[in-house]
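Subject: Structure handover

Hello,

Here is the structure, with notes on what was found in it below. Please read the notes with the model open.

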Amino acid sequence: MERVLGIGGYFLRTSDPAALTAWYRDCLGLDIDEHGLWQQEAGPTVMAMFEADTDYFGSPAQQSMLSFRVRDLDAMLDQLRSQNADLAPETQDMEGVGRFGWVTDPAGNRIELWQPA
């Protein structure tokens, strides 16, 4: 059986692609080139299915959620606060899995930030 090798891309609709790209660069530090290419560090990726009525993604209209691995969740949250980003007030700790926080980008997409255990 042929298998996929990893995530090849994540695509977002927005009325202002340049501004949203700048937000991901300036707030989250993604070094996205002019073609949208970003070289991520090796590490785990979670592929999980949720019930249709979950509130985990924020808005019920959001059908999927991007989760970024981070080295230091507290430092990332402080960085986002300094940019006046729309942060969820809570974080979550899952024993053996890691720590989680959430931010909503300017286009209304809730994003998970995961510091693996």
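What should the twelve residues of helix α1 (residues 17-28) span at 1.5 Å a residue, and how far apart are its end C-alpha atoms? The expected span, taken as 1.5 Å times one less than the number of residues, is 16 Å, and the end C-alpha atoms are 16 Å apart, which agrees.

First, the conventions. This is a predicted model, in which local features need pLDDT of at least 70 and side-chain atom pairs count only at pLDDT 80 or more, while totals for chains, interfaces and linings use all residues. Residues are numbered from 1 along each chain as its sequence is written, and side-chain values use heavy atoms, with hydrogens and water left out.

Overall fold

The protein chain has two helices and five strands; helices (H or I, at least four residues) and strands (E, at least two) are DSSP runs, numbered from the N terminus. Read from the N terminus, the order is α-β-α-β-β-β-β. The radius of gyration, taken over C-alpha atoms, is 15 Å, close to the 13 Å that the globule rule gives for 117 residues, so the protein chain is as compact as a globular protein of that length. That rule is 2.2 Å times the number of residues to the power 0.38. Along its principal axes, the C-alpha trace spans about 40 × 35 × 30 Å.

Of the 117 residues, 26% are buried. Buried means under 20% relative accessible area, exposed over 50%, and partly exposed in between (1.4 Å probe, protein chains only). Of the contacts (heavy atoms within 4.5 Å) with a separation of 6 or more, 54% are between residues 24 or more positions apart.

The protein chain exposes about 8700 Å², and carbon and sulfur atoms supply 51% of that area; the areas come from the Shrake-Rupley method with a 1.4 Å probe, and for residues only the protein chains shown count as cover. There are 8 positive and 19 negative side chains, with the centres of the two sets 3 Å apart. Lys and Arg count as positive and Asp and Glu as negative, with His and the chain ends not counted; each charge is placed at NZ of Lys, CZ of Arg, CG of Asp or CD of Glu.

Helix α1

Which residues of α1 are buried? They are L20, A22, W23, Y24, C27 and L28. Their cover includes β1 (66-69), α2 (73-82), β4 (98-104) and β5 (110-116). Just after α1, G29 takes a positive phi of about 80°.

A48 lies in the loop between α1 and β1 and counts as partly exposed at 43% relative accessibility. Its C-alpha atom is separated by 19 Å from that of T91, 43 residues apart along the chain.

N84 sits in the loop between α2 and β2 (86-87). Its phi is near 60°, a positive value in a residue other than glycine, and N84 counts as exposed at 70% relative accessibility.

L87 belongs to strand β2. Neighbours within four places in sequence aside, L87 is in contact with L77, L80, R81, W102 and V103. The C-alpha atoms of L87 and E2, 85 residues apart along the chain, are separated by 40 Å.

G96 is in the loop between β3 (92-94) and β4, and is exposed with a relative accessible area of 69%. The C-alpha atoms of G96 and A117, 21 residues apart along the chain, are separated by 5.7 Å.

Regards
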